[in-house]
Amino acid sequence: MGDRGTSNHSEVTDFILVGFRVCPELHILLFLLFLLVYAMILLGNVGMMTIIMTDPWLNTPMYFFLGNLSFIDLFYSSVIAPKAMINFWSESKSISFAGCLIQFFLFALFIVTEGFLLAAMAYDRFIAICNPLLYSVQMSTRLCIKLVTGSYCCGCISSVLQTGMTFTLSFCASCTIDHFYCDTRPLQRISCSDLFIYRMVSFSLSSIIIMPTIIVIIISYLYIVSTVLKIRSSEGRKKAFSTCSSHLGVMSVLYGAVFFMYLTPDRFPELSKVASLCYTLVTPMLNPLIYSLRNKDVKEALKKLLEKRNTIV
């Protein structure tokens, strides 16, 4: 163990991001794929935020949360995608110690914030369907701001703790990260420290973060399903379920990819990279599409915005 601890993290100035282990000819194809997906992320999420901010009819708690979801998706994908695209053309594929730390911190902040925000959105749907007469009272502007602010605070606290633990580890001489961004598991692989305590603390922290959000989501939807099944008309049931289907779709993609990523054995790094793609790029790309294509209010607001723009032109 003494030899493993000789290389301290303070001596590290750069890391190497290996990225995807494919032949060089495929780098151009992957670059174009990343560019297309990132362009759709920018267009979809900026468009969604613009629609929500400009249409007064969308000034409701549901769209307030959705606007913040688009903001989070836009920024955490922007933490990952540009650097990954640059590395497709770079010979060194290096990232500085400070750059890796900042990337790790920002990604952890936004991904955890999104988990808490999705829980808040589930609670919002629970109130809207189970207590519709009290919705405007219970889901006040003040409560919505508190829920969003609390989500960001929880994300920030979690990110500070996780980043502090990870970047006080000692790293081996190679400093080669077998991933396309700085993430927990790839950094653990190149650590020279004893990881037992780190993993225990990290697991406990992850449980404290993930379990409450999942419990809130599950309980909210159990009440929602119970309430909807009591609605006598099939049209009423269909309308109630349609307001939740988009949210369920978003949660399924995000949590499914995260669980797959962290339940996949660490000896399959390429599989982990594919799973990481789902929640770093695919989910932020799909979220605006899911909410816009399945939401009449958003489609109507988009139509009005386009008509207004054509009139000005």
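Good morning. I begin with F75, which is partly exposed, with a relative accessible area of 37%; buried means under 20% relative accessible area, exposed over 50%, and partly exposed in between, with a 1.4 Å probe and protein chains only. The model is predicted: local features need pLDDT of at least 70, side-chain atom pairs count only at pLDDT 80 or more, and totals for chains, interfaces and linings use all residues. Residues are numbered from 1 along each chain as its sequence is written, and side-chain values use heavy atoms, with hydrogens and water left out.

The structure holds 18 aromatic pairs. Rings of Phe, Tyr and Trp (its six-membered ring) pair if their centres lie within 6.5 Å; planes under 30 degrees apart count as stacked, over 60 as edge-to-face and the rest as tilted. F34 and F180 make an edge-to-face pair, 6.2 Å centre to centre with 90° between the planes. F34 lies in helix α1 (residues 25-54) and F180 in the loop between β3 and α6 (184-189), so this pair ties together parts 146 residues apart in sequence. Helices (H or I, at least four residues) and strands (E, at least two) are DSSP runs, numbered from the N terminus. Both F34 and F180 are buried.

F75 has its own partner: with F71 it forms a tilted pair, 4.6 Å centre to centre and 40° between the planes. Being four residues apart in helix α2, the two are separated by about one helical turn. F71 counts as partly exposed because its relative accessibility is 30%.

Is D73 buried or exposed? D73, in helix α2 (residues 61-89), counts as buried, because its relative accessibility is 0%. Its side chain joins that of N287 in a polar contact of 2.6 Å; such a contact is a pair of N or O atoms within 3.5 Å, and within protein one must be able to donate a hydrogen and the other to accept it, while residues adjacent in sequence count only if both atoms are side-chain atoms.

I turn now to helix α3. Of its 34 residues, 26 are buried.

Finally, the strands. Strand β1 (residues 14-17) has a covered face, F15 and L17, and an uncovered one, D14 and I16. It pairs with strand β2 (residues 94-96) in the antiparallel sense over three bridges; two strands pair if DSSP finds at least two bridges between them. The bridge partner of I16 in β2 is S94. Strand β3 (residues 176-177) runs parallel to β1, joined by two bridges, and there L17 stands opposite I177.
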